Amino acid sequence: MVSISSDVIRGYNDTIILYLLLDKPSYGYEISKQIKTLSKEKYVIKETTLYSAFTRMEKNGYIESFFDEDMSNGKRRTYYRITEAGRQYYTDKCAEWKLTKEVVERFIEEEKGNGNN
Amino acid sequence: METIRNYLESMFQKLPNTAEVQRAKFELGQMMEDKYTELKNEGKSENEAIGIVISEFGNLDELAVDLGISGYMNPNNNMAGKQVTLAEVKDYLKDKIRSGYMIGLGVLLCICSPCGALLSDYIGWFDFVGILFLFAFIALAVGLFIFAGAMMEKWSYLQNQPCSIDFSTAEYVHGQRENYRMTNAMMNTVGVIFCCCCFIPLVIMDELGVGNLFEGIGVVILFLFVGIGVYFLIAASYRNSAYETILKLNERGTMGASFVASQKEVYRYTNKIVAAVMSVYWPTVTCIYISWSFLSADWHITWIIWVIASLVENFIKNAFRE
């Protein structure tokens with residue numbers, strides 16, 4: 001089975017996380033769970049990868065952290081919220097990805113005649 | 001969950017104890033706990049849940065640059081020194097406690113060594129019997145000291161070279177020490193009581209005026225009481241210091257040093273009033289001692305305040321400690 005290469009996806013962890021923060025603040029486990037679900041379990045982000053992305057983006061000013069209580073069980077945890085700079089960065093990364101995808105796809109051989117649609 | 005906690009603690013053990021590292025540990029622990037809880041709720045078995053959480057944890061190398069810990073990530077960097085296993089720690093504790101008993105007994109023999117001579121003097125035996133006793137006791141004591149020293153020789157590396165223990169070992173030793181706390185207080189108390197009461201038999205014998213033999217026995221009991229008292233004090237302090245030595249192995253400044261909260265001896269009291277009283281305890285005792293002594297001029301007896309005060313302090317500490 002083909003699995004995702006962590007080298008390739010590394011450049012887009014930030015984009016993935018920022019996307020999940022666009023609508024509302026979130027916390028570590030929730031984000032990792034959403035990544036797993038939305039990618040249909042094809043990508044499972046490691047805890048250390050996620051945390052390192054948090055600290056790096058916080059340093060760069062793309063996200064902010066704050067303490068809050070979890071509505072469901074009253075547990076206090078660190079939440080992350082996206083900043084204006086973060087939204088801008090996200091838009092840039094999206095444009096970058098479209099370009100990257102366009103370029104790389106030129107060189108990808110389509111599987112012909114395998115009965116795939 | 002215990003396995004996960006152990007895993008996380010040992011991953012962080014050798015890292016410096018800084019705000020960033022603490023935060024990282026806290027956050028990662030939180031994520032692991034959340035994941036574990038959810039997996040359990042989905043009906044996964046304990047082992048399955050632990051396996052998934054640990055396999056999806058990742059690698060701390062990824063955080064090295066962000067946390068400023070690159071220097072600690074090098075496998076050749078052996079700052080934390082030899083890792084002492086739980087089995088070794090158990091052996092060490094056993095040996096150290098045993099050596100405490102031996103040294104206590106040796107000191108007891110030394111203290112009691114003049115008893116033979118004194119007794120033979122009082123009852124008019126030949127002097128050489130007393131001298132024989134004296135040397136026999138001292139020889140026995142020295143034998144015990146040498147044996148205890150030889151037994152502890154193989155553990156000298158704990159003091160001489162950098163060593164570290166993992167989280168579960170720290171917890172084990174901490175638990176042992178907690179269990180021992182009450183016994184420790186008792187042994188200290190008994191030791192002090194023996195020392196304080198040592199002269200009572202002699203005084204009684206003297207008052208009764210029952211003759212030389214009994215006065216001689218009074219003196220022997222005096223030495224014996226002091227010896228027993230000191231025995232208890234030494235045995236207790238050896239055992240305590242065994243636990244202390246192990247709990248202090250992890251290098252200060254690394255996360256490993258914060259495994260067990262009570263490594264730093266901070267007394268917290270369950271009762272606020274007690275806490276307030278205890279904060280001015282010793283100054284108050286000093287005041288009482290000085291006032292009483294100067295007002296009554298009974299200096300020969302007022303010192304007893306210190307003994308009583310320290311007993312009371314020990315009692316309060318153990319009774320109201322959190």
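What follows is a chat about a predicted model with chains A and B.

Trainee: Hi! Before we start, what kind of model is this?

Mentor: Hello! It is a predicted model, so let's keep that in mind as we go.

Trainee: Let's begin with chain A. How many helices and strands does chain A have?

Mentor: Chain A has five helices and three strands. Read from the N terminus, the elements follow the order α-α-β-α-α-β-β-α.

Trainee: And what does the C-alpha trace of chain A span along its principal axes?

Mentor: About 55 × 30 × 25 Å.

Trainee: In what order do the strands of the chain A sheet sit?

Mentor: The order is β1-β3-β2, in an open sheet of three strands with antiparallel pairing. The edges are β1 (26-27) and β2 (63-69) of chain A, each of which pairs on one side only.

Trainee: How many bridges join β2(A) to β3 of chain A?

Mentor: Seven bridges, with β2(A) and β3 (residues 76-82) running antiparallel.

Trainee: Nice. What about the turn of that hairpin: how many residues lie between the strands?

Mentor: Six residues lie between β2(A) and β3(A), and in this hairpin A:Gly74 adopts a positive phi near 70 degrees.

Trainee: Okay, switching to the two chains together. How many residues does each of chain B and chain A bring to the contact?

Mentor: Chain B brings 22 residues and chain A brings 27. Between them the chains bury about 2,100 Å², with 49% of that on carbon and sulfur atoms.

Trainee: How many salt bridges and polar contacts cross there?

Mentor: There are four salt bridges across the interface of chain B and chain A. As for polar contacts, the count between these chains is 12 residue pairs, where both residues are at pLDDT 80 or more.

Trainee: Which parts of chain B supply that side?

Mentor: Helices α2 (19-41) and α3 (46-55) of chain B each give at least two residues to the side touching chain A. The largest share comes from α2(B), with 12 residues.

Trainee: And how do the residues on that side divide by type?

Mentor: On the side of chain B that touches chain A, eight are nonpolar, four are polar and 10 are charged.

Trainee: Can we look at particular salt bridges? Which residue of chain A does B:Glu38 meet?

Mentor: B:Glu38 meets A:Lys33 through their side chains, at 3.6 Å from N to O. Another salt bridge pairs the side chains of B:Lys35 and A:Glu47, at 3.1 Å from N to O.

Trainee: Why does that B:Lys35 and A:Glu47 pair join two chains?

Mentor: Because B:Lys35 sits in helix α2 of chain B, while A:Glu47 belongs to helix α4 (residues 47-60) of chain A.

Trainee: How many salt bridges turn up over all chains?

Mentor: A search of the whole structure gives 19.

Trainee: Changing topic: what domains does chain B have?

Mentor: The domain assignment of chain B lists domain 1 (2-73), domain 2 (88-264) and domain 3 (267-322).

Trainee: How many residues make the contact between domain 2 and domain 3 of chain B?

Mentor: Six from domain 2 and four from domain 3. The centres of these two domains, taken over C-alpha atoms, are 26 Å apart.

Trainee: What area do domain 2 and domain 3 of chain B bury, and which residues of domain 2 lose the most?

Mentor: The buried area is about 640 Å², and carbon and sulfur atoms give 65% of it. On the domain 2 side, B:Arg181, B:Val192 and B:Cys196 lose the most area to domain 3, together 54% of what that side buries.

Trainee: Great, thanks for the tour!

Technical notes. Residues numbered from 1 in each chain as written. Chains lettered and ligands numbered in written order. Heavy atoms only, no water. Domains from an automatic or database assignment. Contact = heavy atoms within 4.5 Å. Buried area = accessible area lost by both parts, 1.4 Å probe. Pairing = 2+ DSSP bridges. Helix = DSSP H or I, 4+ residues; strand = E, 2+ residues; numbered from the N terminus. Polar contact = N/O pair within 3.5 Å; in protein donor to acceptor, adjacent residues only side chain to side chain. Nonpolar A, V, L, I, M, F, W, Y, C, P; charged D, E, K, R; others polar.
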